[in-house]
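Hi,

Here is the structure I promised to pass on. Have a look at it first, and then read my notes below.

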Amino acid sequence: MIDNNDYDVIIAGSGPSGSTLAYFLSQKKSYKVAVFDSRSWEDLWGKPCGNAIGKHHFFELGIPEPQGDEIKQTVTGISIISPSEHVEFRIYGEGYIIDRKKFGTRLLKTAVDNGVEFYPRTQVLGPVFENAKLAGIKVKINDKIEEFKGKIIVDATGTAGVIRRYLPKEWPVSEELDPKDSDIAYREIVKLNYEIKEPSILKIYLNQKVSPGGYWWYFPEGIDSANIGLGVQGGMGYPNPKLIYENLLSKRPEIRSKKEVISSGGAQVPTRRPLDSLVWDNFIAIGDSAFAVNPVHGGGMGYAMISAYWASKGIENAFEKGEPNRFNLWITNVGYMKMIGTKQASLELTRMFLQRLSDEELDFIMEKKIVDENDVDILGRKGELNESAIEKSVKIVSDFFKILKMTSKPSLLLKLRTLSTFMNKMKNAYNEYPETPYGLSRWKENVAEILKNFKAEIKA
C-alpha cells in the first residue's frame, strides 16, 4: 500500500518554473506529483518583476499562450535609451506583459485538473534524508510539521533555495549565489493620469547613476498604467533601489504624473550563468534556484520555463530507465545548456563588462552607432523579445574593434577585445559540456579558470 504522503515527484515552489514543470508532468498522467508553496491560489506567481515575456517561448516549449485578461499588454518592441537620453535604439519583437497571477493560476490549475496535488499556504522547511539519501521534504502545514516522501525532489523556490541550501556542500547543485552576481530590484505598478503614446513599446534606460550595475525600466500595462522599476547590482553597497526610486525616478514627469500605486515590491534576481549542474542524485533545481535567468536584463520567466521543460525530460528519462539518479537525470543539464545555458554563460561576461562601463562610455557606444538597432542591444542588454545568437554578439565586438581603432577610446577598445576573446572561450567551453556526470569536475575547472582570467583582465 502506498502512503498518501509518498510521491514520484515533489516540487517545492509554484512560481513560473514549478507551475510549468507541474504542467508538463501532468500531461503524462502517470506520475504522482505534489506541489508545495507558501502562497495561496490568490497570490500565485506573486514575485515582483517586469512581467514581460517573449512570445516565442510558448511555441518553442509547447506551453499554452496567455489569453484574455491574462494579457495586460501586447508588446511589439523594446527601446534601449542611452544615459544622456539623446539616443534611443528600437528593437522589434513580439511578446506580452502578463498578469502573472492569472496566467500562473491557469497553468497550475490545468496541472491540478490532470491529477497534480497542490498544497498552498504551506512552508517547506528543508530536505529529509534517509541513509544519506535525499528522501523527501519537511513541510509545515497549519502549525503541524509533516514529512512527504518523493522519488525525485525539485527545488523551485527561487533564490531562497529552501531545499538546495541544505544539501551536502560537495553536491554541485549546492553552490551559493555571490551577491555581486545578483540584482536587487524594486518596482511599482502605477495608474497614470495621462495616456501612454506607445503602449506596445517597452523602455529600458541605461544609467549608472540611477541604477548602478543595472538599468531602470518603463513597461506600459495598457494605455494608462505602467510597470516601472529599477535594479542595482548586489553586494556593492549601492543604495536601496526603493530609495533610489523615491528620490530620483519618482521625480520624473512621466512617473510623478500618477493617480495611484496599484502594487509595489522588491526582489533579488540572480544574474549569472546557470548552476554548473541542475541535477544531482535524485534532486533537480529549476528557475531562480538554478540561476536560470538572463544575466544581462534579469528576465527570468522564459528561462524558468526552459529549465522546467528540460527537468521534465530528465524526469521522464529517469522513470523510463527505472532509477531516478544523476545519470538518468543528466539530460536535463545537456538539454538546458545547449538550448540556453551556453548563451547565458556568455551573457554573464557581457554583464560584467557592462557593469564596468561609465555612462560616458555607454553614450559613446550608442551615439557613434557602434551598435545599432539591427544588432544586439549593447551586447545583450535587452528584453527577451528579440533573442539573438551568441555568434552575433561576438561579431559585433569584432565590428567594435574595426571602428574603435580609429577613435579616441583606446581603453574601451582593449576592454571590447578582451570581451570578444573570452566570450569565444566561454562559448567553446559550454559547447563541450560533459555528456555524463563523470566529466563535470574537469569542465568546472575550465569554466572557473576562464572566469578568473576574465575578471583579472577587465579590472586592469
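I'll begin with E348. Leaving aside neighbours within four places in sequence, E348 is in contact (heavy atoms within 4.5 Å) with D181, R272, R273, P295 and L451.

Before the rest, some housekeeping. This is a predicted model, where local features need pLDDT of at least 70 and side-chain atom pairs count only at pLDDT 80 or more, while totals for chains, interfaces and linings use all residues. Residues are numbered from 1 along each chain as its sequence is written, and side-chain values use heavy atoms, with hydrogens and water left out.

Back to E348, which sits in helix α8 (residues 331-355); helices here are DSSP runs of H or I with at least four residues, strands are runs of E with at least two, and both are numbered from the N terminus. With a relative accessible area of 0%, E348 is buried. That word stands for under 20% relative accessible area, exposed for over 50%, and partly exposed for what lies in between (1.4 Å probe, protein chains only). The areas themselves come from the Shrake-Rupley method, and for residues only the protein chains shown count as cover.

E348 also has a charged partner: its side chain meets that of R351 in a salt bridge, at 3.9 Å from N to O. By salt bridge I mean a side-chain nitrogen of Lys or Arg within 4 Å of a carboxyl oxygen of Asp or Glu. The two residues are 3 apart in helix α8, so about one helical turn separates E348 from R351. R351 is buried as well, at 5% relative accessible area.

How many salt bridges does the structure hold? The count is 24. Two others that I looked at:

- R326 pairs with D281, with the closest N and O atoms 2.5 Å apart. This one links distant parts of the chain, 45 residues apart: R326 is in helix α7 (residues 326-329), and D281 is in the loop between β15 (279-280) and β16 (283-285). R326 is partly exposed at 22% relative accessibility, and D281 is partly exposed at 22% too.
- D43 pairs with R39, and here the closest N and O atoms are 2.6 Å apart. D43 is partly exposed at 26%, as is R39 at 28%.

Now the backbone. Most residues other than glycine have a negative phi. Which way do W45 and R121 go, positive or negative? W45 has a positive phi of about 55 degrees, and the phi of R121 is positive as well, near 55 degrees. W45 lies in the loop between β2 (33-36) and β3 (52-54) and is buried, at 3% relative accessible area. R121 is in the loop between β6 (117-119) and β7 (123-130) and counts as exposed, at 60%.

Last, the surface. K180, R356, K455 and K459 gather there in a patch of positive charge. Patches are built from residues with over 30% relative accessible area and no salt bridge, joining like charges within 9 Å and nonpolar side chains (Val, Leu, Ile, Met, Phe, Trp, Tyr) within 5 Å. Lys and Arg count as positive and Asp and Glu as negative, leaving out His and the chain ends, and each charge is placed at NZ of Lys, CZ of Arg, CG of Asp or CD of Glu.

Cheers

Definitions and conventions. Accessible areas come from the Shrake-Rupley method with a 1.4 Å probe; for residues, only the protein chains shown count as cover.
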